[in-house]
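Hi everyone, thanks for coming.

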2 protein chains.
Amino acid sequence: MSQSAGLLSLVADDIKKVEDKMRSGIPERHQDLQSVVDYLVGAGGKRLRPALTMMAAHLYPVDVDKAHSLAAAVELLHTATLVHDDLIDNALFRRGMPTLNVSWSPAATILTGDFLFARSAQLSTETGDPQIVSMFAQTLMIIVGGELNQLFNDGHKNVPTDEEYRQRIYAKTASLFTTGTKGGGILCGASDLEVQALYDFGYNLGMGFQIIDDILDFRGDEEQVGKPLANDLRQGIATLPVMIFNRQHPNHPTILKAVRRERVTNDEILDIVEKIRASGCVDAALEEAVRYVRQAQAALTHLPAGPYRDAMHAIADYTVTRDF
Amino acid sequence: MSQSAGLLSLVADDIKKVEDKMRSGIPERHQDLQSVVDYLVGAGGKRLRPALTMMAAHLYPVDVDKAHSLAAAVELLHTATLVHDDLIDNALFRRGMPTLNVSWSPAATILTGDFLFARSAQLSTETGDPQIVSMFAQTLMIIVGGELNQLFNDGHKNVPTDEEYRQRIYAKTASLFTTGTKGGGILCGASDLEVQALYDFGYNLGMGFQIIDDILDFRGDEEQVGKPLANDLRQGIATLPVMIFNRQHPNHPTILKAVRRERVTNDEILDIVEKIRASGCVDAALEEAVRYVRQAQAALTHLPAGPYRDAMHAIADYTVTRDF
C-alpha cells in the first residue's frame, strides 16, 4: 500500500479533487443516494485509473478542472460496473468492505449502478470534448459486451483460446485504462502520435495489470487478496495460468469439470492450484505480464519526458511487482 | 391502435429507420445480445417518444440521419430503463410479451440494460451535439433519481403531496419526452424561444400522458391494459386519483394500509377502486391531465406551422382520449 501511495504522491492532490467530484452532483433531495455514493467513494481502491489519467494529462499544459472531471468519470464508470458485478456475483465483500448488496435490496443496487453510469457520462461531457464522450459510451459497451460474452459462452464450456482470453481482459480492464490515458491526451490536444502512444501505454499496462490480477488468484495470500484462492476457477473461469497448464497437461479432470460448471470440491481445487504452481505456469504467465508492461514502458518513449512520465514508468514496474 | 398508427403515419418511414438504428451497432461476436435486442425492439410499444422527436425535428430543415440517431437514443434509453424496471418489479409481461427476466438470468438482464444505456449514449453522440449528449446523461440521472426516491421514500409511507407526485411523473415520463422534443429542436438549430416551446410541449404532454396512465390503472379494462386493476396501489404507490380521493376522504384504512406496504386483500382493493370511481376522483384527475395537454398544445403556437405541428397537436388530443 505504501509503495503504491508513494508512486501516486505526484497526483495526490489531484486525486482528492477527483474524489470530491465523484461525490458531487447529486441533487440535494437524494440524501440516501449521497450517503451510498460517499460510502462507495470512501471504500477507495488504488485509484490507479484516475491517477494514470491525471499523469497523462499532466504531460501537457492542461485545464486541470476538466482533467479532474475526466478522471472522476473514469473511476465512476469503474465503480458503477463493480456495483453491478458484485450484485451479479452475489459478492459480499470488495476491498475488505461489505458490498452494497449486503445491506441493500437488488433494486437499490441496480439503480445506484445506473445512477453512477449517468453521473459518469455527465462528468465526461464536462470535458467539452465530443471524442472523449463518445469514447466513454464505447468503453461501456466493450466492458458490458465482455461480461455478456462470458455469460453466454458458458455454453461453450472450454478453456478459452489465447484470443478469447485477450478479448476478455481487454474488455474487463485494459479498455478503461486506455480511456483514461488516451482521454488525458485528447483533452490536452496531444498529437495523433502521442495519443496513440498513450493508448498503447494504457492498453499494455491494463493487459499486464489484469494478468497479474489473474496470477494473484493463484499466488496470493487469501487474507491479503480478500478472496479465496483460485476464486476464478471455482466460478468456472480459466485464466492464463490455467490455460498454460492446460497446454502442457490437456484434459485435467478438475479443470474440465470447473469450466463445465460441474461441481468441484475444495480439495480438488487446492490440488490443482498446487500442481499449477509447481508446474511453472504461474511464472510463465508472469513473463507474459512483464512483456505487456515492457511494451507499455516502450510506448512512453514517444511522450514528453519529465516527472509524470517517470511516474508512469514506475507505476508500470509496480504493476508487476505488486502482491495484492 | 389504429388511431395511434394513423397519427404516426407521417413519421412511419422514419420510425422504421429508427428501429433499424436501435437494432444496429452490436459487434458481430455478440449474437446472443443481438437476438435479445431484436426481441426487445420487436416487442414494440407505441414509439411515441421517437415519433415526437422526429416530428419536432421535421419542423425544421433537418439532417435526417442525425435525427434518427437522436430518436433511437431516446427510445433505447426508455427501453433500457424498462429492462431494469421489469427485473426490479419482477414483472413477467410487458406489452403482452414475456419480459427478459422470464427467460433470462438477473445477470444477463442487468447487463443487457447496461449495454442499452451505453448504446443509447453512443447514439446520442452521433448527433455531434454536446448539449444533446449532456441532456441524455442528465435525463438518465433524473429518471433513476426518481426511482431511487420512490424506493427510499417507502420509509415515509404517506400519500404523496402534489409536489412529490409531480416530481415523480416528471422523472418517470415527462423528462424523456422533453429530451426528445427539445433535442429535436437543438439538433436543427431552432431559436432559444422555439427550443423552450419544444421543452414546454414535451414536458406538459409527458405529464398529461403519465396522469392518463395512472388513470387507466383505475379505469381500464384489465385485458387491454395488460395488468391487474389498481396495480400501482397494490404496490403501495398512490397516484393522482387516490390523492384526490384522499383529500375528500382522509385516512381511508385501505389506502393507509397500501401506502404503508401492509397487506391489502383483493376485495379491499376492488372496494376502494369502486369508491374512487364513484367519487368522481378519476374524472378530476382526467381534468388535470387535460389541463397539461392544453398547455402542451398552447406551446405549439410558438412553433412553425405545418403538417408536423398539426400531427403533434393531434397526438396531444389522442393522449387524453386513448384507452390503453
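**Starting from one arginine**

Let's begin in chain B, where R47(B) sits in the loop between α3 (31–42) and α4 (48–58). Before I go on, this is a predicted model, where local features need pLDDT of at least 70, side-chain atom pairs count only at pLDDT 80 or more, and totals for chains, interfaces and linings use all residues. Residues are numbered from 1 along each chain as its sequence is written, while chains are lettered from A and ligands numbered from 1 in the order in which they are written. The helices I name (H or I, at least four residues) and the strands (E, at least two) are DSSP runs, numbered from the N terminus.

What is the phi of R47(B)? It is positive, about 60°, although R47(B) is not a glycine. Most residues other than glycine have a negative phi. R47(B) also counts as buried, because it has 22 C-beta neighbours inside 10 Å. Buried here takes 20 or more other C-beta atoms within 10 Å of a residue's own, exposed takes 12 or fewer, and partly exposed lies in between, with C-beta atoms placed from the backbone.

Now over to chain A. R47(A) lies in the loop between α3 and α4 (48–58), its phi is near 60°, and it is buried, with 22 other C-beta atoms within 10 Å.

Stepping back, chain A has 17 helices and two strands. Its C-alpha trace spans about 55 × 50 × 35 Å along the principal axes. Of its 324 residues, 50% count as buried.

Next, a helix pair. In chain A, α9 (residues 162–187) and α10 (residues 192–219) pack at an angle of about 150°, with axes 7 Å apart. The axes are lines fitted to C-alpha atoms over the stretch in contact, and angles run from 0 to 180 degrees between N-to-C directions. That makes α9(A) roughly antiparallel to α10(A), a label for angles over 145 degrees. By class, their contact has 14 nonpolar, nine polar and three charged residues. Ala, Val, Leu, Ile, Met, Phe, Trp, Tyr, Cys and Pro count as nonpolar, Asp, Glu, Lys and Arg as charged, and the others, Gly among them, as polar.

Finally, where do the chains meet? The contact takes 34 residues from chain A and 35 residues from chain B, with contact meaning C-beta atoms, placed from the backbone, within 7 Å. On the side of chain A that touches chain B, α8(A) gives the largest share, 14 residues. That side divides into 21 nonpolar, nine polar and four charged residues.

Conventions:
Angles under 35 degrees count as roughly parallel, over 145 as roughly antiparallel, 65 to 115 as roughly perpendicular and the rest as oblique. Two residues are in contact if their C-beta atoms, placed from the backbone, lie within 7 Å.
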